[in-house]
Structure formats: structure tokens, C-alpha cells
Amino acid sequence: MEAIEQSENAFNTRLMDGFADAIKELEELNYPGIADPKLRIATLLRPTDGLNHSAALQYELGVQAGNTSASQLRLPEEYNGLGYQNLISIVFRLMAFRDSWMRKGKAAKMSVLQTEKKTLLAPLHLVIVEEPEAHLHPQVQQVFVRKAYDILRTHPDLEDKTTLRTQLLVSTHSSHVAHECPFSSLRYFRRLAAPTDGVPTSAVINLSEVFGPNDKTEKFVTRYIQAVHCDLFFADGAILVEGDAERILVPHFIRKHFPKLHRSYVTVMQVGGSHAHRLQSLIEHLGLTTLIITDIDTGEAGGHHKSIPPMLGDGQVTNNATLKMWHPREKLFDKLIELDEKAKVKTSDFPQFSVRVAYQIPVSVQLEPTATVAEALPSTFEDALAFENLELFRNTGGNVIEGGDLVERFKAILNTPPVITELAKEISEAVRKTKGKAEFALDLLLIKEDLAKVKVPKYIENGLEWLECQLSENEQLVLQSAKTSTSAPAASVAPTEEALSPATVLA
């Protein structure tokens, strides 16, 4: 306050000197007159202005800690990104909430609940943060959600003590935030269509109840989801694929051949054939419409089930755990081939939810223009793709594909075609021996002709058509719900423009 008064006096002197000539000219107009009050220019500084004004947060550039040189470079806060501004603001706010709870600083003087000069503290501190990811870099999001709770517990009376509890509730649409949270602490909001003349609602899924205690499956799923795909929680549908080639090419098939599906919130996850069934509890608990693209993987009946080329009527079985343990829970190869498309869908009592498996089916092949049409039995994604695109692989090189190892093997096999049964064995053997399945998929991405000319294997095409239809039906249900609730009585709650947004996760 003393500094403000000194500044005010100095500024008043400067103002009187500066305006002296102007006031003198004004007096020549006979104003102010003898009876009029005299003019005086003075500052309008109040002591509270110095206490209430906003402080400026500046950023020092290229300086060492502790350097207070006036010549160092500084930027005002508006020159920093919104993300860091938000991060700084949220962190300071968390500190303020904690100190207010613990009656630290000014909060101690404001407390009215005191016993023997000791403040009585609320035993539970609940802090809610809404979508902190706004403008934040993914890594900053992860660091924030890891450290936010620690900030709220940084006090000698808190830390690891259990007398006073803190709960942090974060609503988010960020897979990066969900990535850093313990699996059991996630709560998933699944939007449901409204009943007739009703209001759309959400089902809150407690992910701590998905698996049993000390379940190995929970450990696998937790580590896998956190390591690969937390965006599963924000999707309208999921596609589980088995290998690298499918993971690379299925999204391109969708973009080229399924425009409606391409516009949907669909996540593609790669899981091995022996592990996809481990996600069953999670998928069914979330009620997430899912397509499983997997290999039928035929093996000998009995014994070790060694992988062999598929053949009907030979008592072969599938080595695929998903088909045996999830759906359709069948191990005989002949029966899997006989299943119609509807039988590959597993329905549920959960509204707007079903799961479908897609595995290799017989392909009609004509090796030569004059040859009769024969039936081939693929057992992997790669050989199914070869059977569907015979001419494409026969003409590799030049203006079509400059292929790697597997593409060249396909070319050699298809340009000297044996009978169809031997062809299937040779292609299957080429796929089994190759180590470059990802390279094979990348070769197709670099095709010099339009990738849309690559025919999608029929079993995948059928599965993607089903998923596209399911998501369209779910969308129509939500749209009808929104229309119904908009015209509902005043007591109803009309959905916001987020009615079609992905599900929200509370971490």
C-alpha cells in the first residue's frame, strides 16, 4: 500500500505538469471562473486494485533455473498452447480444492467448525473433473491422470493415511486417459434406445465385475487393452482380427467397399486366435456389437491337432479356441462349414447387442477360362484372398504388384496350376512357411491399380455387411428415440446433440 501511495503521488505530479498548459488555455476562456472549482488531474488508484487485479503468467525461454536477469526472454501466457494453460489451471485448482478441504491458508480462517481450536474436517473429499483431455497432448493426458490423485493427497495428514479419504471422478472421451486407469476403476456408459414414448437412457457398466477375483483372463485383458486398444470403450462396434495381414487390410476394405461402416465408430483390434475368446467376458459385459474375423485352422482329429490343409469328410477339427469356446462352440470342421450365416451370430438379452464370427468358407474357383468351376477350401486369410483374386496374383509385377516373398510364391503356384485339391495344399503350405504376412499386406497396399479392385474374401465381406447392418439399425433406434423424446411431455428430458456420440467412460 505504501508503494501504491508513492506511485500515486509521483504520477499526480507528472499529470499536473503535463496538463498545465492545457488547463491554462482553458482558463483563458474564463473557465473555471472565480466562483468555479479549480481543475486538477489526478490518478484513480485504489489500494484494493493492487490486490484484486489478475496476475500475468509468463513463460521464460532458454534460461537456467534461478536466473532473474531482466534481459531474459519471456512470453505472455496467451502465447502458450491452450493445452498447457488448461493443465496449469486444472492442477492449481486441484491444489486449491485440497487446501480448502484441509483448511490451509485462508481456508483455516474461514472455518466455523472448531473443537478445542482444531478444525473438524469432512472425512470424504470428492473431486469431479470433466473431460480434462481438452487440447492436451496424449502424453500429457496420461501424465495428468497418473498424477492428479497424488496432488489431491499431497499433505502430511493425507498421503497414505486412511482416516481422511479422497475420491477422484474423471469423465472422459479419451482413450489415453482410460489407458492409465486401473481396469477395475472404469465405469462404462452404454447408451440405450428409449422405449416407446420414453426417454433414452444409459446402462452403467462396472468393469470391476467383469472377471472373478485373481482371474488370469483379467490380467491378460487388462494388459492387452491397456497396451493396445483403450479406444474399445469409445466405439460403437468392434472388429477382432487374428493376424497382421487382416489388421492392415480390413480397414482398407472398409474404406473402399463399406462407406457406411467407414463413417461409424468402429475399432479394429488384433488378437491371436488362441486369445480372442479371453475378451468374451469384457465384450459381453459392455454389450458392444462385435465381429470376430478368425481362421478356421483345421487340424487332425485326436492327438495334438496338428494343422493340415482342410478337407471335408475327413473328421478334421478346428484348432481355433474362439470357435470352440465362444461361438458357435463347435470343433468339427464339417459342421462349421455347414453352418448358415444366421447361425454364426450370437444374440443376447442385452438390447442392441450381438456377436458374429466370420471364418473361411468354400470358394468357387475356375482355374482356366475353359475349366470347370471347382470348390476350394481355404483355411487362412491369405489363401482365401488368393482364391478370390487369382488373376491379380497371376499378373504380379509390372503394372500390378511388385510383391515380396509370399506374392511371388502365389504367382508361381497360380501360373502352373495343378488340380484344385493340390492347389489348395500348395497355397496353404506357402502361407505356413512365410514369415512375411505383414509384408504381404503392405504389398497389396502398394498395388499400382486401385485397391478397390482387390476382391474381399467372401467370409469377411459377409461379416462386414452384417456389422454395417447392425450399426445402422442401432443408429436408427437412437434417432427414433431422439425424435420420440423431443416430442415427449415437458417432464421428459430431450437428448442433447451428443445423443449419437460414442460411449463415455468414467475413470
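User: At what angle do H13 and H16 pack, and how far apart are their axes?

Analyst: Helix H13 (residues 381-388) and helix H16 (residues 420-433) pack at an angle of about 135°, and their axes are 9 Å apart. That makes H13 oblique to H16. Angles under 35 degrees count as roughly parallel, over 145 as roughly antiparallel, 65 to 115 as roughly perpendicular and the rest as oblique. The axes are lines fitted to C-alpha atoms, for helices over the stretch in contact, and angles run from 0 to 180 degrees between N-to-C directions.

User: Before we go on, what kind of model is this, and how are residues numbered?

Analyst: This is a predicted model: local features need pLDDT of at least 70, side-chain atom pairs count only at pLDDT 80 or more, and totals for chains, interfaces and linings use all residues. Residues are numbered from 1 along each chain as its sequence is written, and side-chain values use heavy atoms, with hydrogens and water left out.

User: Ok. Which residues of H13 and H16 meet?

Analyst: Glu382, Asp383, Ala386 and Phe387 in H13 meet Leu423, Ala424, Ile427, Ser428 and Val431 in H16, where contact means heavy atoms within 4.5 Å. By class, the contact of H13 with H16 has 6 nonpolar, 1 polar and 2 charged residues. Ala, Val, Leu, Ile, Met, Phe, Trp, Tyr, Cys and Pro count as nonpolar, Asp, Glu, Lys and Arg as charged, and the others, Gly among them, as polar.

User: Is H13 buried or exposed?

Analyst: Buried: 8 of the 8 residues of H13 are, so it is largely enclosed by the rest of the structure. Among them are Phe381, Glu382 and Glu388. Buried means under 20% relative accessible area, exposed over 50%, partly exposed in between (1.4 Å probe, protein chains only).

User: And for the chain, what percentage is buried?

Analyst: Buried residues make up 41% of the 507 residues. The chain has 18 helices and 18 strands; these are DSSP runs numbered from the N terminus, helices (H or I) of at least four residues and strands (E) of at least two.

User: Back to helix pairs. At roughly what angle do H3 and H5 cross?

Analyst: Helix H3 (residues 82-101) and helix H5 (residues 138-152) cross at roughly 15°, with axes that come within 10 Å. That makes H3 roughly parallel to H5. The contact includes Leu87, Leu94 and Arg98 of H3 and Phe144 and Ile151 of H5. By class, that contact has 11 nonpolar, no polar and 1 charged residues.

User: Switching to sheets. What's the strand order in the open sheet of 5 strands?

Analyst: The order is E10-E9-E11-E15-E14, with mixed pairing. Strand E10 (266-270) and strand E14 (345-347) are the edge strands, each pairing on one side only; two strands pair if DSSP finds at least two bridges between them.

User: In which sense do E9 and E11 pair?

Analyst: Strand E9 (residues 237-241) and strand E11 (residues 289-293) pair in the parallel sense over 4 bridges. The bridge partner of Leu240 in E11 is Ile292. Helix H8 (residues 244-257) lies across E9, E10 and E11, running at about 140° to E9.

User: Last one: which residues are on the covered face of E7?

Analyst: Tyr188, Arg190 and Leu192 are on the covered face of strand E7 (residues 187-192), with Arg187, Phe189 and Arg191 on the uncovered one. E7 pairs with strand E8 (residues 201-206) in the antiparallel sense over 6 bridges, and the bridge partner of Arg190 in E8 is Ala203.
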